[in-house]
Amino acid sequence: MKIKIKNLSFTYARTTKVVLTNLNAEIKEGTVNVVLGLNGSGKTTLIRLLAGLYKPDEGDIFYDAKRLTSIPIKERSKIFAYVSQHSVSTDDILVKDFLTFGFVNSLKFYESPSKEQIAKVTAIANKMQIEKLLNKNLGELSGGEKQIVSIAACLLQNTPILLLDEPTSALDLKNQNLVLSLLRDIAKEGKTVILSSHNPNHSLFLNSNVILLNNGKIEMFDESNKVVQIDILRKIYGNNLCLSSDLAYKEVSFKN
Amino acid sequence: MNKKTIIVLITSILAFAIIFIAALLIGRYPISIDDFFNAVFTSDAEYQIERSVILNLRLPRTIMAGLAGIGLSLSGLLYQEIFQNKLVSPDLLGVSTGASVGASIAIVLGLSSIFISFLAFIVGIITVMLTVLIAKLFKNGSSTILLLSGIIVAGFMSSILSYIKYLANPETTLASITYWMMGSFENSTMNQIYILFPVILISTIILLVLSWRINIVSLGKEEAQTKGINYKYYRYLIIFIATLLTSSVVAFNGTISWIGLVIPHIVRLMVGRNTRRTIPLCITFGGVFMIIVDILSRSFTDSEIPLSAVTGLFGTVIFVAILLYRRRTFDEN
């Protein structure tokens, strides 16, 4: 399923600052797309618009040929799954219970998850190596574990598209590596992934497309090896930006 | 449902049955089990007094206590889930204060008890509608605004209540208002139960049917919506049911504090936070707790102790115990 962003503009209510101005882009099926940009450049706003949590002031978002605002909420949840920056808002629900919540769009109002669906939870937990967390409360998990659990919940929703708002922001290097590797594997299965990040290296690691936002406009939308160029990034992140090869010290990163 | 929940559920259903029978036996006129069976299952004239005590006095108030316990614990749980706040109780959106205003107007006007209940119910519902309406003015849709609006409207209603109390005759109507607000099952009749029972039954059935789905609504707007739930619709439905439960219970029995706060906490502590498990248990635990409170309120002293005094006494002690227990588990983590 492809996503088309057409003339998209957005301003927060009761403010005059335009957050996003006339965005146009076409996101192809089965690609990973990293939204890069400074704080306040509109990354989160764009992801939330794509998730239908905000209504555009102008322009439209299309999932295939369907206008997002005309897709009913239940249908939307079968098209995309969304993870917010805070990953989960509650802390006293068991992980295994939380993971079943993604099935709600396939169940009638009086139904609860079937045995097959509960088996799927166990299967995905094994696959993502979080089976030890299943009987814990969400509040007992570390930031990284929470993030992985919320991605697992997204996958159980079984949508062709995943929208993730800064999934690595709260994570240490090890967990960043884990989450990014996971997203790369997911994309290999043909799903479309759109995530926002503060780190241009992530897009290189994922070998993804980059949507580079600058002051609410798309500065560039291309493959990461074309966007993550020192002269392009300096326009956004400032002139002190340099390549690791130009550094006097050795920088750490993770292997591809 | 897991094994633990099923065990707790079956145990509490048995406890419900035992406490229910016990409530018919215990009181200022004690009845032995033999006399109980003779009075209920035979038409022997010798047991006429026992029969009358059981069927006319104790049965209506025990059923009423059970229904009130179920209604208040369920609505407490619903409010806590929807507002994602474990410290809210059923009167959050002003329903109890509103009902008190309705009842006190009826008392001051000298209306009969059925009109007291009717006005209490109506004003209780109107108060919640007012709360929702004021929250809507902010066009924000967040639960915090609704909560704030509830505090504002409850404040408004309680000042009206003060005014009515000020106007009331201190010897007669003021005493009645104060007594009404402390809650009692003393004047329960089967006719009241015929009205209340269907309300509680239908609400309970709806909640049991939706019990799993309420989990997702309680995640909040964003998460519920992206998982495919029509959040607004379900939130208003649940607020409506919770309000209906509280206002119909309060209308007949006066305000009863603490139970809506304490029972959901006890239940969550036992089986965790999952409405598929907590809703059925709130029904049994709420009923049992309220019947015990009623037994205590009518057998501790020669005169009846108001319900809120008993629920408050036990509620606060139990609540401190829960918080202490929770603190211990928090420390261990």
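Predicted model: local features only at pLDDT ≥ 70, side-chain atom pairs only at ≥ 80, totals over all residues.
Let's start with the whole of chain A. It has nine helices and ten strands, and its C-alpha atoms fill a box of roughly 55 × 45 × 35 Å along the principal axes. For 256 residues, a compact globule would come out with a radius of gyration near 18 Å; chain A has 19 Å, so the two agree. Burial comes to 41% of the 256 residues. As for contacts with a separation of 6 or more, 68% of them link residues 24 or more positions apart.

Now back to the opening question. Five of the six residues of β9(A) are buried, so the strand is largely enclosed by the rest of the structure. Strand β3 (residues 32–36) of chain A runs parallel to β9(A) and is joined to it by four bridges. One pairing to look up is A:Val34, whose bridge partner in β9(A) is A:Val210. Strand β10 (residues 217–223) of chain A also pairs with β9(A), this time antiparallel and through six bridges. Here A:Ile211 has A:Phe221 of β10(A) as its bridge partner. β9(A) and β10(A) make a hairpin with two residues between them, and in that turn A:Asn215 has a positive phi of about 50 degrees.

Next, have a look at helix α5 (residues 143–156) of chain A. At 1.5 Å a residue, its 14 residues should span 20 Å, and because the end C-alpha atoms are 20 Å apart, the expectation holds. α5(A) is mostly covered, with twelve of its 14 residues buried. Among them are A:Glu145 and A:Lys146, along with A:Ile148, A:Val149, A:Ile151 and A:Leu155. What does the covering? The elements include β6, α3 (95–100), α4 (115–127), β7 (161–164) and α6 (173–188) of chain A. After the helix comes A:Asn158, which has a positive phi near 55 degrees.

Finally, turn to the neighbouring chain. On the A side, 23 residues are in contact with 22 residues of chain B. α2 (73–79) and β6 (80–83) of chain A each supply at least two residues of that side, and α2(A) gives the largest share, three residues. Sorted by class, the side of chain A that touches chain B has eleven nonpolar, eight polar and four charged residues.

Note on methods:
Residues numbered from 1 in each chain as written. Chains lettered and ligands numbered in written order. Rg over C-alpha atoms; globule rule 2.2 N^0.38 Å. Buried ≥ 20, exposed ≤ 12 C-beta atoms within 10 Å, placed from the backbone. Contact = placed C-beta atoms within 7 Å. Nonpolar A, V, L, I, M, F, W, Y, C, P; charged D, E, K, R; others polar. Expected span 1.5 Å × (residues − 1). Pairing = 2+ DSSP bridges.
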